Amino acid sequence: MHWLIRFIAAISIAISTTAAPAQPYPTRPIRLIVAFPPGGATDVVARTIGTPLGARLGQTVVVDNRPGSNGNLAAELAARSRPDGYTLMVGSDSLFGINPHLYATMPVDPMKDFVPVANLVANQVVLAVNPSVVPVNDLREFVAFARASSKPLFYASIGNGSQHHLAMEMLKQQTGISLTHVPYKGGGPAAIAVVSGEVAAMFGGGSVVPLIKSGKLRAIAASGRQRYASLPELPTIGEIFPGYEVTIWQALFAPAGTPAAIVDRLRTEVNAVLARPDVAARLIASGSGEPAIMPLPDFTAMIRSDYEKYGKVIKEIGLKVDD
């Protein structure tokens, strides 16, 4: 009789436990993995959005910086995490559009191992020249000068396979001009090289805009679909050469398999944060980009488009990185 009573009690507990509603997400802090060191543009985006996002969710959002291999290390860590909404990643266009074509081996498949949550910010780069080396005033004059130059023209980038590098290679392909690439370790050293006349030109963002405004460099055109907010009088390359566009974006991703209800909740809350004027002002003032809320189908289409666009140019110039 005693065993029967214990058996019935155990069944009752199991039934009541099963019937109990699950606790609403989230119930503990959320880890936000960032692929670059503290202080950089991606880190600023994560921290600017993370604090108000945590307030809306009722939990702390903890930023975890994991730099290395142009985002591959952070991606591997995030992709291998439990898909429960408590580990997320701020990923860039380079991880999804460039790295799979650039690296001989990838620790993850970004297109399969992640689910897009929300696009966060968009930015672009500006083509700037040293006017003493390249005495031109606009993009058409720059192309004409490059075509007619009797000596090699060199351009700087922040590194092999960067958007800054590929932006110039795409311009070369579209216009038929010839320039030689010189990679530097970051935007600061690259911009200094242009100012000194070591190289003639570069695509850059925060590293070149102050030098343009001070008159040390001359802006020729912007790379995005729309005009650059900091230099609204500057035309885009696409206005002169239709079809050209290089937009740099940062977005929020979750490991594949994360429940749709959690992803939808995160998307709603993130978009609400991005719509706040104070958040937008901080992002723009920091030079990290402008809020770029977009419908999920448009966002996923952009990821696929960048994958194909960068893959094409990387294949054509034969660029590979072993690490």
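Reader: Which residue in E8 stands opposite Leu127?
Author: This is a predicted model, where local features need pLDDT of at least 70, side-chain atom pairs count only at pLDDT 80 or more, and totals for chains, interfaces and linings use all residues. Residues are numbered from 1 along each chain as its sequence is written, and side-chain values use heavy atoms, leaving out hydrogens and water. Strands (E, at least two residues) and helices (H or I, at least four) are DSSP runs numbered from the N terminus. The residue in E8 that faces Leu127 is Phe203.

Reader: How many bridges join strand E5 to strand E8?
Author: E5 covers residues 126-129, and E8 covers residues 201-204. The two strands run antiparallel. They count as a pair if DSSP finds at least two bridges between them. Here the number of bridges is four.

Reader: What is the order of the open sheet of five strands?
Author: The pairing in this sheet is mixed. Its edge strands, which pair on one side only, are E7 (180-183) and E9 (218-222). Written from E7 across to E9, the order is E7-E6-E8-E5-E9.

Reader: How many bridges join E4 to E10?
Author: E4 and E10 run antiparallel. Among the facing residues, Val121 stands opposite Gln250 in E10. Ala122 has Trp249 as its bridge partner in E10. The count of bridges from E4 to E10 is nine.

Reader: In E11, which residue is the bridge partner of Ala122?
Author: E4 pairs with E11 in the antiparallel sense. Two bridges hold that pairing. On the E11 side, the partner of Ala122 is Glu290.

Reader: What volume has the largest pocket?
Author: On a 1 Å grid over the protein atoms alone, a pocket is an open set of points with protein on both sides within 12 Å along at least five of seven lines, and lining residues have an atom within 4 Å of a point. Points join across faces, edges and corners, and a volume is the space filled by probe spheres set on them. For the largest pocket, the volume is about 1100 Å³.

Reader: Which residues lie nearest the centre of the largest pocket?
Author: The lining of this pocket has 41 residues. Elements giving two or more of them include helix H2 (41-57), helix H4 (93-102) and helix H7 (163-175). Nearest the centre are Phe36, Ala41, Ile158, Gln163 and His164.

Reader: How many residues of the lining of the largest pocket are charged?
Author: Asp, Glu, Lys and Arg count as charged; Ala, Val, Leu, Ile, Met, Phe, Trp, Tyr, Cys and Pro as nonpolar; the others, Gly among them, as polar. The lining holds 14 nonpolar and 25 polar residues. The charged residues number two.

Reader: Which element gives the largest share of the lining of the second largest pocket?
Author: This pocket holds about 710 Å³ of space. Of its 31 lining residues, those closest to the centre are Ala122, Asn123, Gln124, Thr247 and Glu290. Elements supplying at least two lining residues include E4, E10 and helix H12 (277-286). The largest share is five residues, and it comes from H13.

Reader: How many residues of the lining of the second largest pocket are charged?
Author: The nonpolar residues number 12. The polar residues also number 12. The charged residues number seven.

Methods:
On a 1 Å grid over the protein atoms alone, a cavity is a set of points where a 1.4 Å probe fits but cannot get out, and a pocket is an open set with protein on both sides within 12 Å along at least five of seven lines; lining residues have an atom within 4 Å of a point.
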